[in-house]
Amino acid sequence: MTTEITTNETAETFSLQSFEHAQRVAKALSSSTMIPKDYQNNIPNTLVALEMAHRIGASPLMVMQNLHIIHGRPSWSSSFIIAALNSSGRFTALKFKSTPTTCQAYATERSTGELLEGPQITIEMATAEGWTTKQGSKWKTMPQLMLMYRAAAFFGRLYAPEIMMGMHAVEEISDVQEAPEAVAKLNQIAAK
């Protein structure tokens, strides 16, 4: 007997048989010591990673290596965000306009030839938002890299939300408190 659940949004059919198969795959993957600790012997987390991999067309292992749980929230590594944007085929390779205190990510949309520019990220913004003062902050030691990572994440949320899936970069979640209002503020900044 097959139970089918159809979602209006994706129009995909999910069967009990495919769920059972996913559970077997998740069990096998979660028993590996080559995957991050958040997934080892954790079939539910591994199932979520499998679902994410399926939705964005990525390798489950790649997703598990780059999907981090920070304060109970799933977050993408910034290098994964850049790689996913670059390999999506929708844009030319992501590039950055940088000065010592600013950074803006940009790429050309392949289907239209339009130059797409993300929001400009500045050290002034990072300071005003409190990103630079957090204990152990990489903003103090690697400000240019942090500007680029933040610019890439904002570009991704703006132009490729299907890749970002509403999630933030690891560095973003690490820079703010766990409070929902802090994450909401990140969303507001990205929308500007």
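Predicted model: local features only at pLDDT ≥ 70, side-chain atom pairs only at ≥ 80, totals over all residues.
Residues are numbered from 1 along each chain as its sequence is written, and side-chain values use heavy atoms, with hydrogens and water left out.

The secondary structure of the protein chain comprises 9 helices and 9 strands. These elements are DSSP runs numbered from the N terminus, with helices (H or I) of at least four residues and strands (E) of at least two. Of the 192 residues in the chain, 38% are buried. Here, buried denotes a relative accessible area under 20%, exposed one over 50%, and partly exposed a value in between, computed with a 1.4 Å probe on protein chains only. Among contacts with a separation of 6 or more, 47% involve residues 24 or more positions apart; a contact requires heavy atoms within 4.5 Å.

The structure contains 5 salt bridges, each defined as a side-chain nitrogen of Lys or Arg within 4 Å of a carboxyl oxygen of Asp or Glu. In general, side chains of opposite charge can pair when their charged atoms come close.

A second salt bridge, between arginine 90 and glutamate 162, has an N to O distance of 2.3 Å. This pair links distant parts of the chain, 72 residues apart: arginine 90 is in the loop between α4 (78-87) and β5 (95-98), whereas glutamate 162 is in helix α7 (residues 161-164). The relative accessibility of arginine 90 is 30%, so this residue counts as partly exposed. Glutamate 162 is also partly exposed, at 41%.

A further salt bridge joins glutamate 172 to arginine 157, whose closest N and O atoms are 2.7 Å apart. Because glutamate 172 lies in helix α8 (residues 170-175) and arginine 157 in helix α6 (residues 143-159), the pair ties together parts that are 15 residues apart in sequence. Both glutamate 172 and arginine 157 are buried. Through salt bridges with shared partners, Arg150, Arg157 and Glu172 form one network. Arginine 150 is located in helix α6 and is buried, with 2% relative accessibility. The C-alpha atoms of arginine 150 and isoleucine 121 are 7.1 Å apart, although 29 residues separate the two in sequence.

Helix α4 has several buried residues, namely Ser78, Phe80, Ile81, Ile82, Ala84 and Leu85. Serine 78 has a relative accessibility of 2% and therefore counts as buried. Apart from neighbours within four places in sequence, serine 78 is in contact with Tyr149, Ala169 and Glu171. After α4 comes glycine 89, which has a positive phi near 85 degrees.

In soluble globular proteins, nonpolar side chains tend to be buried together. The largest nonpolar core has 38 residues, and those with the most contacts inside it are Val63, Trp76, Leu85, Leu94 and Phe155. Such a core is a set of buried Ala, Val, Leu, Ile, Met, Phe, Trp, Tyr and Cys residues joined through side-chain atoms within 4.5 Å. Two or more core residues come from each of α2, α3 (60-66), α4, β6 (102-108), α6 and α7, and α6 gives the most, with 7 residues. Not counting residues up to four places away in sequence, leucine 94 touches Ile82, Leu85, Asn86, Ala105, Tyr106, Ala107, Ala152 and Phe155.

The second largest pocket has a volume of about 180 Å³. On a 1 Å grid over the protein atoms alone, a pocket is an open set of points where a 1.4 Å probe fits, with protein on both sides within 12 Å along at least five of seven lines; lining residues have an atom within 4 Å of a point. Grid points are joined across faces, edges and corners, and the volume is the space filled by probe spheres set on the points. Helices α2, α4 and α7 each supply at least two residues of the lining, and α4 gives the most, with 3 residues.
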